[in-house]
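Here are some notes to keep beside you as you look at this structure for the first time. Please take the points in order, with the 3D view open.

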Amino acid sequence: MEAYILPFIDLVLHLDRHLPDIMAAYGHFIYAILFIVVFCETGLVVTPFLPGDSLLFACGALAATAPEGMDIITIALIFLVASVLGDACNYYIGEKLGLELIKSERSFIKPSHIQKAADFYAKHGHKAIFLARFVPIVRTFAPFVAGIGKMHYLTFAHYNVIGALVWVALFVGGGYFFGNIPIIKQNFPLVTLGIIVFSLLPIMVEFIKHHLKK
């Protein structure tokens, strides 16, 4: 059983690293897979571990290095729609079920993640929906907390769409641009790893600041 579970976990956690193989195996079905991953990463409070920034960058780079296998316009639209719908779904879950999920004795949601998102709101206000797009884990829980707090939906939708547009343009566009550079083509796995580390920097900074305050 372990021989099957561990490869599956590696595939889920590091989907961005396996993109070339998945693209070769599934062809254009890769678009559906990418949509599902981004929708779940932004729309379900139980999947903050899925790749986000690194996946977008990797797809942009692959569109530049292998345009016959992945179209840049198509993946940009897919990520945009998936991220907007994901946040909207997350907001709805928080609005309808949020309090019950948090108070449940069998809750699968870590209180520390909710508190982190709540603190993010307290500091940044409504624009937290936009800023959270660029902070892993907080990105997944911010819409959920907005739903619990009954933020006016039109206000939420405004920041949701703008945040998604900038997020997709920045990471997919960045990957597409840098994907044309020879050194990036030759060291793509290292570049992907660097994006993962870069995505985790905000969490590392907050962790260090938290412990310094203590």
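1. **The salt bridges.** A search through the whole structure turns up three salt bridges, a salt bridge being a side-chain nitrogen of Lys or Arg within 4 Å of a carboxyl oxygen of Asp or Glu. As background, side chains of opposite charge can pair when their charged atoms come close. Before going on, please keep in mind that this is a predicted model, in which local features need pLDDT of at least 70, side-chain atom pairs count only at pLDDT 80 or more, and totals for chains, interfaces and linings use all residues. Residues are numbered from 1 along each chain as its sequence is written, and side-chain values use heavy atoms, with hydrogens and water left out.

2. **R139 and E41.** Because R139 sits in helix α8 (residues 138-148) and E41 in helix α3 (residues 30-43), the pair ties together parts that are 98 residues apart in sequence. Helices here are DSSP runs of H or I with at least four residues, strands are runs of E with at least two, and both are numbered from the N terminus.

3. **R139 and D53.** R139 also meets the side chain of D53 in a salt bridge, at 3.1 Å from N to O. D53 belongs to helix α4 (residues 53-65) and R139 to helix α8, so this pair ties together parts that are 86 residues apart in sequence. Taken together, E41, D53 and R139 are linked in a network of salt bridges.

4. R139 counts as buried because its relative accessibility is 3%. D53 is buried too, with a relative accessible area of 3%.

5. **R133 and D87.** Another salt bridge joins R133 to D87, with the closest N and O atoms 3.2 Å apart. This pair links distant parts of the chain: R133 is in the loop between α7 (128-131) and α8, D87 is in helix α5 (residues 72-103), and the two are 46 residues apart. R133 counts as buried at 1% relative accessibility, and D87 is buried with a relative accessible area of 2%.

6. **The two sides of α2.** Which residues of helix α2 (residues 19-26) are buried? They are L19, I22 and M23. Seen down the axis of α2, the buried residues fall within an arc of 100°, so they line one face of the helix; the arc is that of the directions from the helix axis to the C-beta atoms. After α2 comes G27, with a positive phi near 60°.

7. **How α3 and α4 pack.** The axes of α3 and α4 come within 11 Å and cross at roughly 155°. These axes are lines fitted to C-alpha atoms, for helices over the stretch in contact, and angles run from 0 to 180 degrees between N-to-C directions. That angle makes α3 roughly antiparallel to α4, since angles under 35 degrees count as roughly parallel, over 145 as roughly antiparallel, 65 to 115 as roughly perpendicular and the rest as oblique. Where they meet, L34, V37 and V38 of α3 are in contact with L55, L56 and C59 of α4, contact meaning heavy atoms within 4.5 Å.

8. **T47 in the loop.** Between α3 and α4, the loop holds T47, which is buried with a relative accessible area of 12%. Leaving aside residues up to four places away in sequence, T47 touches C40 and E41. The C-alpha atoms of T47 and I137 are separated by 8.9 Å, although these residues are 90 residues apart along the chain.

9. **V84 in α5.** Look next at V84 in helix α5. Not counting residues up to four places away in sequence, V84 touches R133, N160, V161 and A164.

10. **The whole protein.** Stepping back, the protein has 11 helices and zero strands. Of its 214 residues, 42% count as buried.

Note on methods. Buried < 20%, exposed > 50% of the residue type's maximum accessible area, 1.4 Å probe, protein only.
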